[in-house]
Amino acid sequence: LYYEIIGYFEKGKMWEKGIELCDELASLYKEEAFDYSSLSKILKRQAELYDCILKQMRPEPEYFRVGYFGMGFPSFLQNKVFIYRGKEYERLADFNSRMQILFPNAELMR
């Protein structure tokens, strides 16, 4: 499961979070499981994540606060507020369009 989560962090260019998980796994392999083969693999993966930080460009992400107020949303979303991380180079207008596609009857409030 950890490897899958690290893969998703890598895909989302959140390499620092992936490095944190690699540290957890490395500690487990080194101090509890004594699995040096797996330790070697996770340290190599961690090194790749550090290389990504150094070599790849990544834009500063935009974050959006979204509230689901009213009866027009599924019950698990009603009257709740979430913070969404936008896609690369996604701006407010693009995010609004994407949300309107998901919830066509929703009213945009500012």
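1. Ground rules. This is a predicted model, where local features need pLDDT of at least 70 and side-chain atom pairs count only at pLDDT 80 or more, while totals for chains, interfaces and linings use all residues. Residues are numbered from 1 along each chain as its sequence is written, and side-chain values use heavy atoms, with hydrogens and water left out.

2. Length of helix α2. Helices here are DSSP runs of H or I with at least four residues, strands are runs of E with at least two, and both are numbered from the N terminus. Helix α2 covers residues 15-33, and its 19 residues should span 27 Å at 1.5 Å a residue. The expected span is 1.5 Å times one less than the number of residues. The end C-alpha atoms of α2 are 25 Å apart, which agrees.

3. Which residues of α2 are buried? They are W15, G18, I19, L21, C22, L25, A26 and Y29. Seen down the axis of α2, these buried residues fall within an arc of 165°, so they line one face of the helix. (The arc is taken from the directions from the helix axis to the C-beta atoms; buried means under 20% relative accessible area, exposed over 50%, and partly exposed in between, with a 1.4 Å probe and protein chains only.) On the other side of α2, E31 and E32 are exposed.

4. What sits over α2, and what comes next. The cover on the buried residues of α2 includes α1 (2-11) and α3 (36-55), with contact meaning heavy atoms within 4.5 Å. Just after α2, have a look at F34, which takes a positive phi of about 50°.

5. Helix α3. This helix has 20 residues and reaches 28 Å from its first C-alpha to its last, close to the 28 Å expected at 1.5 Å a residue. Its buried residues are S38, L39, I42, R45, Q46, L49 and C52. Viewed down the axis of α3, they fall within an arc of 135°, so they line one face of the helix. The face turned away from that buried side carries the exposed residues Y36, K44, L54 and K55. Covering the buried residues of α3 are elements including α1 and α2.

6. Cysteines. How many disulfides does the structure hold? The count is 0, where a disulfide is a pair of cysteine sulfur atoms within 2.5 Å. C22 is in no disulfide, and the nearest cysteine sulfur, that of C52, is 11 Å away. Seen from C52, the closest cysteine sulfur is in C22, and 11 Å is too far for a bond. C22 is buried, with a relative accessible area of 0%, and C52 is buried too, at 10%.

7. Salt bridges, starting with K13. A search of the whole structure finds 5 salt bridges, each a side-chain nitrogen of Lys or Arg within 4 Å of a carboxyl oxygen of Asp or Glu. One of them joins the side chains of K13 and E88 (3.0 Å, N to O). This pair links distant parts of the chain: K13 is in the loop between α1 and α2, and E88 is in the loop between β2 (80-85) and α4 (92-102), 75 residues apart. E88 is partly exposed, with a relative accessible area of 45%.

8. Two more bridges. The side chains of R58 and E16 meet in a salt bridge (2.6 Å, N to O). R58 is in the loop between α3 and β1 and E16 is in helix α2, so this pair links distant parts of the chain, 42 residues apart. R58 counts as partly exposed at 32% relative accessibility, as does E16 at 37%. Then there is the bridge between the side chains of E62 and R91 (3.1 Å, N to O). E62 counts as partly exposed at 33% relative accessibility, and R91 is partly exposed at 41%.

9. Two single residues. Where does M57 lie? In the loop between α3 and β1 (63-68), and M57 is exposed, with a relative accessible area of 75%. S40 lies in helix α3 and counts as partly exposed at 31% relative accessibility. The C-alpha atoms of S40 and G86, 46 residues apart along the chain, are separated by 34 Å.
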